[in-house]
Amino acid sequence: MHALLGQLPVGLSIGAVLLLVALGLNFTFGQMGVVNMAHGEFLMAGAYTAFVLQAWFGAQSVLVGLPVAFVVVGLMGLALERGLIRHFYGRPLDTLLLTWGVSLILQQVARDVFGAPNVDVAAPGWLAGGVDAAGVRLHYSRLFILALAVLCVLAVGWYLARSRTGRQMRAVTQNRQLAACSGIDTARVDQITFFIGSGVAGVAGVALTLIGPIGPTLGSTYIVDAFLVVVVGGLGQLRGAVLAAAVLGLLNAYAEFWSDASLAKVVVFAVIIAFLQVRPQGLFVLRSRALT
Amino acid sequence: MLRVEGLTAGYGRAQVLFGIDLEVPAGAVVSVMGRNGVGKTTLLNTVMGVLPATGGRVLFDGADITRRGTHARVRGRIGYVPQGHGTFPQLTVEENLLVAWEATGRRDPGGVAAALGVFPRLRELLKRRAGFLSGGQQQQLAIARALVTDPRLLVLDEPTEGIQPSIVAEIEEAITTLHQNRGLTVLLVEQYLDIALRLADAFTVIDRGSVVRQGGRAELRDGEIQRLLAI
Ligand SMILES: Nc1ncnc2c1ncn2[C@@H]1O[C@H](COP(=O)(O)OP(=O)(O)OP(=O)(O)O)[C@@H](O)[C@H]1O
Ligand SMILES: [Mg+2]
């Protein structure tokens, strides 16, 4: 019983990481329908941003890294959208292959610049240690990631629901042509969407440095799970993504607890495939007269 | 106000418009007529830049806008209500109006209030999602959305298509009022001859992508349009 309870914070923090990673995809994949295979490398770029900042900010580089990585990686995403992806809208297969190529290039660049071996980013001192609650150890770093995920979800939720640009994003998602006919500069909205989605990946990357060492292939570890969270949650549905991330995180933690890591993956995939057979549209769907 | 010269357009290799000439003078209501599939929607979409023109020009107040983006034309105060009462189904009625108003770059709530003044019925529906409105309510919302940007020219594609008669009358009345009281210029595609004859003072009849007859109310003898539209 006690050991079971111990897996709860583990599962939730895995879920929080998944959610952070998926949150960016919620923009580029969920809102725009672009399958950006380089999204994982944007995580990696965010993590290395924190690593680079270490030279100036030492152990505080994680905190400084959060906003800096948002901007740096956001600009990378913007460049990718402007330079490549926008020429292939409506051609998902081409986009998938091209961005996969970009992801390989980015991995190689990371290898050339930072070397192939993993590196560590020192966590700030105040994140060391933890508290014991009900006999379960809660690491501060895990709590921090959980809090960061909650904060990011609230910020993204507010942005989409209440802000001017968020409204325009939703309008473009629902009816691109009508959005243009309403005076919305759809190309500009695409750019902002890509900037934010990529920037959030950068933030997630910084958070990942708290979990363990980082390397050039960091992105490929998370990219599939992140896409799964978005698909299982229902495209572009924030509530769905939160629930899916939490469930997948717990599923991962408990499956791994009872078996081993690779078997755990098999179990999780089997559950997801079964779920998508029953509900191919994901946990949450948009409902309206126009769509039914 | 709007001048279309030798406009050609199509979809891929299929050409649909074969050199359309059209003039909409300031303060006029011009109706484009024609049987199904002759290219009326294609013409309006090309005028609005939704579809690129392959030849010819579109002039607004003398300025060549043929290569301008759709949003730039809308911000240049041409309102467009595409065919099929289009709204953003997941946005509320209020957000549907707000998003168009904000696209103009202004922040005060003026335009939304003015548009609601034209269709007061929408006031009770402000918090409802547009996707849950009836077809007629959606069309009123679609027109209100186009009015939010305070257009000088309003382009309407079959505003009364597939809508219950009571709301057709309201829409017709709204267009008349806007035209008479505010001097709004209107370019209209209308399939119902009686409505077109009541609203418009000039007519352009299209067949297979070309203009076959053009003229004012007086120039078109009784029954001539009927004959041209008959199948
Ligand atoms: N997206 C499209 N792709 C290819 N062909 C199209 C497309 N839209 C319309 N067409 C074709 O172009 C021609 C003109 O269509 P258009 O919609 O402009 O006609 P319309 O006069 O508006 O008809 P309606 O009265 O039914 O609205 C038709 O032959 C139609 O099949
Ligand atoms: Mg049409």
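How much space lies in the second largest pocket? About 500 Å³. This tour starts there, but two notes come before the clicking.

The model is predicted: local features need pLDDT of at least 70, side-chain atom pairs count only at pLDDT 80 or more, and totals for chains, interfaces and linings use all residues. Residues are numbered from 1 along each chain as its sequence is written, chains are lettered from A and ligands numbered from 1 in the order in which they are written, and side-chain values use heavy atoms, with hydrogens and water left out.

**Stop 1: the second largest pocket**

Select Ile14(A), Val17(A), Ile211(A), Tyr222(A) and Glu256(A). Of the 19 lining residues, these are the closest to the centre of the second largest pocket. (On a 1 Å grid over the protein atoms alone, a pocket is an open set of points with protein on both sides within 12 Å along at least five of seven lines; a cavity is a set where a 1.4 Å probe fits but cannot get out; lining residues have an atom within 4 Å of a point. A volume is the space filled by probe spheres set on the points, which are joined across faces, edges and corners.)

Now colour the helices of chain A. H1 (2–31), H5 (140–162), H9 (218–233), H10 (238–258) and H11 (261–278) each supply at least two residues of this pocket's lining. H1(A) gives the largest share, five residues. (Helices are DSSP runs of H or I with at least four residues, strands are runs of E with at least two, and both are numbered from the N terminus.)

By class, the lining holds 11 nonpolar, four polar and four charged residues. (Ala, Val, Leu, Ile, Met, Phe, Trp, Tyr, Cys and Pro count as nonpolar, Asp, Glu, Lys and Arg as charged, and the others, Gly among them, as polar.)

**Stop 2: the cavity**

Stay in chain A. Select its lining: Asp225(A), Leu228(A), Leu248(A), Asn252(A), Lys265(A), Val268(A), Phe269(A) and Ile272(A). H9, H10 and H11 of chain A each give two or more of these residues. The largest share, four residues, comes from H11(A). Five lining residues are nonpolar, one is polar and two are charged.

**Stop 3: ligand 1**

Move to chain B and centre on ligand 1. Its surroundings include Tyr11(B), Val16(B), Gln83(B) and Glu158(B). (A residue counts as near if one of its heavy atoms lies within 4 Å.) Helix H1 (residues 40–47) of chain B gives the most to this shell, three residues.

- Asn36(B), at 3.1 Å
- Lys40(B), at 2.7 Å
- Thr42(B), at 2.5 Å

On its own, ligand 1 has 630 Å² of accessible area, and the protein covers 56% of that. (Areas come from the Shrake-Rupley method with a 1.4 Å probe.)

**Stop 4: the sheet**

Show chain B as a cartoon. Four strands form an open sheet in the order S2-S1-S4-S5, with antiparallel pairing. (Two strands pair if DSSP finds at least two bridges between them.) S2 (14–24) and S5 (63–64) of chain B stand at the edges with a single partner strand each, so one side of each has no neighbour in the sheet.

Five bridges join S1 (residues 2–11) of chain B to S4(B). One to find: Thr8(B) has Gly55(B) as its bridge partner. Two bridges join S4 (residues 55–60) of chain B to S5(B). Here Phe60(B) is partnered by Ala63(B).

End at the hairpin of S4(B) and S5(B), which has two residues between the strands. Select Asp61(B) in the turn: its phi is positive, about 50°.

Technical notes. A polar contact is a pair of N or O atoms within 3.5 Å; within protein, one must be able to donate a hydrogen and the other to accept it, and residues adjacent in sequence count only if both atoms are side-chain atoms.
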